[in-house]
Amino acid sequence: MKIGWLTLTLLLPLVGALVTMAVPKAKALLSKQVALGFSLLTLALTAVIAVGYHQNGAADYEENHTWIEAFGAHYALGLDGVGIVLVVLTALLTPIVLLASWNDAKSGRWSEKSFFAWILALEALSIGVFAATDVFLFYVLFEATLIPMYFLIGGFGGAQRSYAAVKFLLYSLLGGLLMLASVVGLYVISAKNGDPSYLLADLVKLDLSQNTERWLFLGFFFAFAVKAPMVPFHTWLPDAAAEATPGTSVLLVGILDKIGTFGMIRFCLGLFPNASEWATPVVLVLALISVLYGALLAIGQTDIKRLIAYTSISHFGFIVMGIFALTSQGLTGSTLYMFNHGLSTAALFLVAGYLISRRGSARIADYGGVEKVAPVLAGTFLFAGLSSLSLPGLSPFISEFMVLAGTFSRHKVIAVIAVVGIVLAALYILIMYQRLMTGPVRDGIEKLKDLNFREVFAIAPLLVLIVGLGVYPKPVVDIIKPAVESTMQRVGVTDPAPQVPVTEGHK
Amino acid sequence: MSAVLMTQVLPLADFVAPKIEYNELAPLLVVFGAACVGVLAEAFLPRQLRHVAQVALALVGLVVAAVLTVLLMVDDKKLIAAQGAISVDGPALFTWITLLTLTVISVLLFAERSVDGGLSAFAGQAAAVPGSEAEREGTAAKVEHTEVFPLTLFAVGGMMLFASANDLLIMFVALEVFSLPLYLLCGLARRRRLISQEAAMKYFLLGAFASAFLLYGIALLYGYAGTMSLGGISDALATKTSGDAMLLAGTGLIAVGLLFKVGAVPFHSWTPDVYQGAPTPVTGFMAACTKIAAFIGLMRVFYVALGGSRWDWAPMMWIVAILTMVVGSIVALTQTDVKRMLAYSSIAHAGFLLTAFVGLSQAGSGVTNGITSTQAVLFYLVCYAFPTIGAFALVTLVRDAGGEATHLSRWAGLGKKSPLLAGIFAFFLLGFAGIPLTAGFTGKWAVFTAAWTGGAWPLVVVAVLCSLVAAFFYVRVIVLMFFSDLPADAPDVALPGWQTTTAVALGLAATVVLGVVPGPVLALASRAGEFIR
């Protein structure tokens, strides 16, 4: 049997996790180097796949083996434009997080190597989630990602880590189990129509009655809304992100939460197009509330990591809005947003983590005047912050603009109100920067060390990408476009025609 | 008609010896035979030989019976044997082989002597007053009750018979054959004997009540149908138009008796006390094997005999299933003893099983290629039973001066003391919670699917919500083991003998294999097909 490319990408970090665990405890440094090596290999492999995908399309990467015949479950992997973007994001963020968190696991409950091994395991499962083309496989991996994340939060976080870990797990399980009910329902319908199969390709052919489709949609959507997270199911995220190490928070917000929005595109829109259209008004309002409420709460936070967590809730509101606006611009923007948000939030969390580890406190009030003693740190923080508030010229701006423009063409009022979110974003980032970095140097800050080489090296790729994609996003957009078009086709919507037609003269 | 026949005196020439299918019944006969030989061995062998001899005899008997069962399965036997008393069909054979395998593991655990200073988990002299001089002398002389092995054989023989009984009377006899040895086994703990004896007493009294209900129900059904055989009752249901009161009352009373054994709410109250008091290996045996036998018995009676009146009893079972899931998972939240927690968890699992039972998804009932209820239940029972025995085996290892340290607070920080034990236990708990890639998940998936296929989707929704509550109390234990600090007077972790190691390893293997590649066992369960009549 030939081992497929995607299987290899999935296995590599998994093997890496085992190898890392096998290194003797005394050689902590070696275990970390091994983990980093495996994550870099995975990144290289993913890069090869991305290039191949760009040139030859998805067909080379499809794998399909029967897994559990009685369940109609397959071990089936494949890529589309949305999937490849997120696989690349996962493979990119993992080595960065490993390098940036080099010493963060020292104060953990368990050995440092287990921290690194759990991260690799999480990488493997996440790649599987984004590549799965079988609903059963997706569900299994979706739930399985909870285990490494649970131990990462609970084992290596702050004082309230156990509480935060359990809260995270229970919220996610609540969503996951309701989705399980829908997954079971899909099987039953599939079995009634012939041989049961969980392959996406087979499921899209199912003829669902209106009520069934809506109920099944709700099961899936609820799970993804908890995961994303959307108001009012968001309260687990600030707790988890504040208690976890910065690296864990990056993986949580940057990758794991994307499963929610990714699932909305691939499963909610893909499997239940009519129900998705039916739910649009409610979902858009919830997304709008997420945008504004997340931003308002972010402004009021006194804890740096909680603040960043709330900004993410606001950003996820934008992503969901773009998805359910059901325009090609909105969908493309959302997918791009997922990638860019991963970059900018990772940068913000990691720099904030550098800062917090120096002072030993996450309270904003404990800081002041950092830019005078640690200019490089303050500078990168400002850069990451500006990208998070979507400054034009940096990559998140383009995606946010596309989301708003795409939403505006169909839902004007919602888009207009959502624009307020951009203003609020400027407030929460700049106020935080002002309190932390400017003003007189506070006690305990005087001897703050500036970033060292490892720390700069770890986040440099993020900053380069943020600028690069801010100026020239075309390569990523080109990859996303076809997937968005096929999703639009599946839902059966076309972009609303512009009210002012483009005339010959304006072209 | 039969009543008329009985009053006539039969001439000798008309007497026909009952036809017994010895080949097909061989597994049962071997187990019961080994049990009888065990009783004799107990009487005639010198004391120092008994332990070895009894363990060997029990294992040989069980393995031979298992081999014979496998041969029957290969032949795909399906017939009603012993003049309509026993049905040897697919589900019965599947249950037999599962029960026999689990009992082999249990016997190994019963024989384990290395975790408690060279003594088994059973009292030296059950008759000695707890705390008395006689008890101390017996312990010093390492006296043992080796009767536990024949008792176990009788119990498992009874369970096998119960799961294959095609006649309500045989079913009742089988119920008593497996219950009586269990009552005794429950009271034989070496440590905390008063709790153990209390458990045995409670189990006996409540079990006797339940048997009485069952018997009364059987009498009423006989009154309705004029026959005890399951097929006969089914025929009566199809043809008779009168006597509904007796049918309904009989159905209800039989349900009480069977649901008691299953451990379903509101007939569950014995479970936590008995699970806590019984010697832990016996608890494992009961939790796994009794549940299997009782469930298959329940399904056989309600599917084969009372399938025609399903619209009468299905609403009742819906309520029982919901109550069982809700009460089992919510009350488990408040438990502070690991054995009681596992007891409530077993109640919740009974609830999940009941969803498939109520779903009534049967081959040919509008389902083309889906999973049937019988297949789902058989599969779930396997997925649940092996980890359960493994989990209880682990419980025997965490000990302090007073024996097993079962209070949950004593398990705090266990992950530091023994990462391996805590890790495996955590894995079992994740399995019970139904996290994917464990047997618990595939099992849950199968029963939920069967329930939904039969139209019981509201039950599935209740079940997933209860799964969440259940996950909380399982995770609580994981938090306790891994995220709490080790207290100064933490209990020791005993070094297991090969017997306990085997039990744990098999539980672990089952959890992983059935979670990742459940195909073969599912296929086997599917091959078992439906109950025959």
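**A helix pair in chain B and its setting**

Modeller: Chain B has an average pLDDT of 90, and 96% of its residues score at least 70. Among the elements of this chain, the highest mean pLDDT, 96, belongs to helix α6(B), residues 148–164, and the lowest, 50, to helix α1(B), residues 2–7. Over residues 1–5 of chain B the pLDDT stays under 50, and the model gives this stretch zero contacts beyond four places in sequence. For the prediction as a whole, ipTM is 0.88 and pTM is 0.91.

Now the pair itself. Helix α17(B), residues 419–433, and helix α19(B), residues 457–483, have axes that come within 9 Å and cross at roughly 170°. Because angles over 145 degrees count as roughly antiparallel, α17(B) is roughly antiparallel to α19(B). From α17(B), the residues in the contact are B:Ala422, B:Ala426, B:Leu429, B:Phe432 and B:Ala433. They meet B:Ala470, B:Ala471, B:Tyr474, B:Val477, B:Ile478, B:Met481 and B:Phe482 of α19(B). By class, this contact has twelve nonpolar residues, with no polar and no charged ones.

Next, the nonpolar core. The largest one holds 416 residues, and those touching the most other members are A:Val320, A:Met321, A:Val351, B:Val377, B:Tyr380, B:Val447 and B:Val460. Helix α7(A), residues 161–192, supplies the largest share of this core, 20 residues. Leaving aside residues up to four places away in sequence, A:Met321 touches A:Leu284, A:Ala287, A:Leu288, A:Val291, A:Val403, A:Thr407 and A:Ala418.

The contact takes 30 residues from chain A and 29 from chain B. On the side of chain A that touches chain B, the elements giving two or more residues are α5(A), residues 135–144, α6(A), residues 146–156, and α7(A). The largest share of that side, 16 residues, comes from α7(A). Its residues divide into 21 nonpolar, four polar and five charged.

A:Gln499 lies in the segment after α20(A), residues 474–491. A:Gln499 counts as exposed because it has 6 C-beta neighbours inside 10 Å, the cut-off for exposed being 12 or fewer.

How values were computed. Residues numbered from 1 in each chain as written. Chains lettered and ligands numbered in written order. Predicted model: local features only at pLDDT ≥ 70, side-chain atom pairs only at ≥ 80, totals over all residues. Core = buried A, V, L, I, M, F, W, Y, C linked by C-beta atoms within 7 Å. Buried ≥ 20, exposed ≤ 12 C-beta atoms within 10 Å, placed from the backbone. Helix = DSSP H or I, 4+ residues; strand = E, 2+ residues; numbered from the N terminus. Contact = placed C-beta atoms within 7 Å. Nonpolar A, V, L, I, M, F, W, Y, C, P; charged D, E, K, R; others polar. Axes fitted to C-alpha atoms, helices over the stretch in contact; angles between N-to-C directions. Parallel < 35°, antiparallel > 145°, perpendicular 65-115°, else oblique. pLDDT = per-residue confidence, 0-100.
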